[in-house]
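Here's a quick briefing to read alongside the model. Have a look at the fold below, then work through the points.

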Amino acid sequence: MSLFRKKDIHELIAKQSHSGLKRDLGTWDLTLLGVGAVVGTGIFVLSGTGAIMAGPGVILSFIVAGLACLFAALTYAEFASTVPVSGSAYTYAYATLGEFFAFMIGWCLISEYLLAVSAVSAGWSGYA
């Protein structure tokens, strides 16, 4: 068994047709999900903290962060067009990069979710 083995894209497509999972989120839904994350974390948490540390440079830091998010979105869109199945970055990485990279990306996703939730909860608790 190789650590860098990949799942066949045709196998993933065939498995999805039997699983019953369908792509239900459209462009509007995903846009609102992104706006909700930006409002929850960006406006309520990061702007106050960033203004204290960076001063007027906080605007520049938000522009740089926005560019990083744009490139991440374009990368994710490329993965989604390459592997036309429902799934996350883990599924796309498993099909294109291999099992080891999918494992690493899966744990990075878990860490990302934990960090995002903790940042939002710290911000809201500060307001409460």
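Going along the sequence, the pattern is α-α-α-α-α. That gives five helices and zero strands, where helices (H or I, at least four residues) and strands (E, at least two) are DSSP runs numbered from the N terminus. Keep in mind that this is a predicted model, where local features need pLDDT of at least 70, side-chain atom pairs count only at pLDDT 80 or more, and totals for chains, interfaces and linings use all residues. Residues are numbered from 1 along each chain as its sequence is written, and side-chain values use heavy atoms, with hydrogens and water left out.

**The whole chain**
- Of the protein's 128 residues, 17% are buried (buried is under 20% relative accessible area, exposed is over 50%, partly exposed is in between, with a 1.4 Å probe and protein chains only).
- Take the contacts (heavy atoms within 4.5 Å) between residues at least 6 apart in sequence: 59% of them join residues at least 24 apart.

**How α3 meets α4**
- The axes of α3 (residues 58-82) and α4 (residues 89-96) come within 10 Å and cross at roughly 60°; axes are lines fitted to C-alpha atoms, for helices over the stretch in contact, and angles run from 0 to 180 degrees between N-to-C directions.
- That makes α3 oblique to α4, because under 35 degrees counts as roughly parallel, over 145 as roughly antiparallel, 65 to 115 as roughly perpendicular, and the rest as oblique.
- On the α3 side you'll find Y76, F79, A80 and T82, which meet A89, Y92 and T96 in α4.
- Sorted by class, this contact of α3 with α4 has five nonpolar, two polar and no charged residues (Ala, Val, Leu, Ile, Met, Phe, Trp, Tyr, Cys and Pro are nonpolar, Asp, Glu, Lys and Arg charged, and the others, Gly among them, polar).

- α4 is largely enclosed by the rest of the structure, because six of its eight residues are buried.
- Those buried residues in α4 are A89, T91, Y92, A93, Y94 and A95.
- The largest nonpolar core has six residues: L12, A80, V83, V85, Y92 and A95. A nonpolar core is a set of buried Ala, Val, Leu, Ile, Met, Phe, Trp, Tyr and Cys residues joined through side-chain atoms within 4.5 Å.
- Leaving aside neighbours within four places in sequence, L12 is in contact with K7, V83, V85, T91 and A95.

**Around D8**
- D8 sits in the segment before α1 (9-19) and is partly exposed, at 42% relative accessibility.
- Although D8 and T96 are 88 residues apart along the chain, their C-alpha atoms are separated by 8.8 Å.
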